[in-house]
Amino acid sequence: MTTTLITNIGSLVTNDPTLGDRTPLGLIQDAAVVVENDRIGWAGPAAQAPDADRRIDAAGRAVIPGFVDSHSHLVFAGDRTAEFNARMSGQAYKAGGIRTTVAATRAASDEELAANVGRYMAEALRQGTTTFETKSGYGLTVEDEARALRIAAEHTDEVTYLGAHIVSPDYADDPAAYVDLVTGEMLDACAPYARWVDVFCEKGAFDGDQARAILTAGKAKGLHPRVHANQLSYGPGVQLAVELDAASADHCTHLTDEDVDALASGNTVATLLPGAEFSTRAEWPNARRLLDAGVTVALSTDCNPGSSFTSSVPFCIALAVRDMGMTPDEALWSSTAGGAKALRRTDVGHLAPGATANLTFLDAPSHVHLAYRPGVPLVTEVWRRGVRAV
């Protein structure tokens with residue numbers, strides 16, 4: 001076993017409330033960590049650090065867990081600059097814009113799609129993201145959805161089947177037949193590559209009954225549900241997610257009191273995606289309302305070419321603090337430990353002993369600078385599974 005002592009850490013976020021200041025962040029000042037192969041072996045005050053095979057000086061920088069981005073759409077081709085330009089000029093965002101990307105993705109080669117996924121994941125890694133979820137949803141045929149998931153699975157273990165992104169243009173006149181395809185032949189072809197099943201439960205996409213059928217069929221194949229819920233309007237998505245024990249209900253922009261109560265009483269994480277509201281000039285999710293009700297909140301990028309073309313978790317942290325009522329501590333926890341809970345992972349999102357050694361170094365003395373200095377590239381070094389990757 002090879003051990004590495006990283007010492008002279010200005011502030012260390014462990015996300016373990018039994019460590020450091022005993023808050024949810026488990027913050028330790030003047031800290032050190034010991035990396036044992038791909039795991040955290042020890043974390044605590046630098047003055048108490050054990051010996052190790054080698055020693056690295058963090059030079060007073062803050063160290064945080066690698067970000068856990070639990071919601072992205074990276075298997076795509078094409079560009080929607082014209083749509084974004086039109087929207088910024090006054091046109092409203094509608095779910096149907098997805099069809100533009102569907103056409104481009106179907107026309108792309110496997111090599112082009114794989115190159116895109118690799119490029120955007122590398123881009124996110126440079127900004128501190130060490131755990132990625134990504135989805136299909138831009139093919140909407142049996143062959144194209146299966147190849148999207150196969151390509152995604154070459155880059156991450158967190159792969160989501162989203163054949164129910166919108167009704168395929170090929171089935172515009174027969175949505176019921178498309179639901180049959182998504183729950184039948186397409187699911188059979190896609191399930192071997194995926195861990196999760198997702199559905200866009202929204203006006204212009206799939207209603208509550210259709211979403212229930214799709215998620216239930218996915219569960220029967222061993223896939224666990226997550227739901228695009230209540231992004232553009234009030235609807236049944238959030239309560240359906242809680243009912244089916246979905247790992248997360250994602251977006252959660254338009255919520256009734258009943259929706260909030262359901263999230264607070266269940267195991268479903270509310271994943272907020274402020275990049276989408278920023279890029280569509282839509283109403284911000286009310287994170288404060290959810291947090292005060294005791295809901296577990298995650299914060300992710302929703303990186304996709306139409307409504308949130310950012311891979312930057314730090315940018316989303318700044319938005320959440322500025323416009324969604326989150327404190328800097330809450331936003332950081334939600335983008336690390338919260339994202340891990342949205343993926344039902346216990347090995348990432350924290351830096352307590354036994355955790356995967358995913359560390360992000362900041363050119364700042366504190367994690368608060370992520371919101372305090374928006375747009376500044378503060379990430380200077382990233383370790384993934386105990387190895388420096390950036």
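User: On what basis are residues numbered and values counted here?
Analyst: Side-chain values use heavy atoms, with hydrogens and water left out. In this predicted model, local features need pLDDT of at least 70, side-chain atom pairs count only at pLDDT 80 or more, and totals for chains, interfaces and linings use all residues, while residues are numbered from 1 along each chain as its sequence is written.

User: How are the axes of helix α3 and helix α4 arranged, roughly parallel or oblique?
Analyst: Helices (H or I, at least four residues) and strands (E, at least two) are DSSP runs, numbered from the N terminus. Axes are lines fitted to C-alpha atoms, for helices over the stretch in contact, and angles run from 0 to 180 degrees between N-to-C directions. The axes of α3 (residues 110-126) and α4 (residues 142-153) come within 10 Å and cross at roughly 45 degrees. Angles under 35 degrees count as roughly parallel, over 145 as roughly antiparallel, 65 to 115 as roughly perpendicular and the rest as oblique, so α3 is to α4 oblique.

User: Which residues of α4 make the contact with α3?
Analyst: Contact means heavy atoms within 4.5 Å. On the α3 side, the contact is made by D110, L113, A114 and V117. On the α4 side, the residues are R147, R150 and I151.

User: Which residues of helix α2 are buried, and over what arc do they lie?
Analyst: Buried means under 20% relative accessible area, exposed over 50%, and partly exposed in between (1.4 Å probe, protein chains only). In α2 (residues 98-107), the buried residues are I98, T101, V102 and T105. Their cover includes α3, α4 and β9 (196-201). They lie on the same side of α2, because their arc, taken from the directions from the helix axis to the C-beta atoms, is only 110 degrees.

User: What is the relative accessible area of D198?
Analyst: D198 has its place in strand β9. Leaving aside neighbours within four places in sequence, D198 is in contact with residues including K135, Y161, I214 and H228. D198 counts as buried because its relative accessible area is 0%.

User: How do α5 and α7 pass each other, in a left-handed or right-handed crossing?
Analyst: The axes of α5 (residues 175-183) and α7 (residues 208-220) come within 9 Å and cross at roughly 15 degrees. That angle makes α5 roughly parallel to α7. A crossing is left-handed if the near helix is turned anticlockwise from the far one by less than a right angle, and right-handed if clockwise. The crossing of α5 with α7 is right-handed.

User: How many nonpolar residues does the contact of α5 with α7 have?
Analyst: P175, V179, V182 and T183 of α5 meet Q210, A213, I214 and A217 of α7. Ala, Val, Leu, Ile, Met, Phe, Trp, Tyr, Cys and Pro count as nonpolar, Asp, Glu, Lys and Arg as charged, and the others, Gly among them, as polar. By these classes, the contact has no charged residues, two polar residues and, as the number of nonpolar ones, six.

User: Which residues of α13 does α12 meet?
Analyst: The axes of α12 and α13 are 9 Å apart, and the helices pack at an angle of about 140 degrees. The two helices are therefore oblique to each other. From α12, V313, I317 and V321 take part, and the residues they meet in α13 are P328, A331, L332 and S335.

User: How far apart in space are I317 and P374, C-alpha to C-alpha?
Analyst: I317 is found in helix α12 and is buried, because its relative accessible area is 1%. Not counting residues up to four places away in sequence, I317 touches F67, L299, A331, L332, S335, L370 and A371. I317 and P374 are 57 residues apart in sequence, and their separation in space is 8.7 Å.

User: Is A59 buried or exposed?
Analyst: Most residues other than glycine have a negative phi. Phi of A59 is positive, near 55 degrees, and A59 lies in the loop between β4 (54-57) and β5. Because its relative accessibility is 56%, A59 counts as exposed.

User: What is the relative accessibility of N15?
Analyst: N15 lies in the loop between β1 (3-12) and β2 (28-36). Phi of N15 is near 60 degrees, a positive value in a residue other than glycine. N15 counts as buried because its relative accessibility is 9%.
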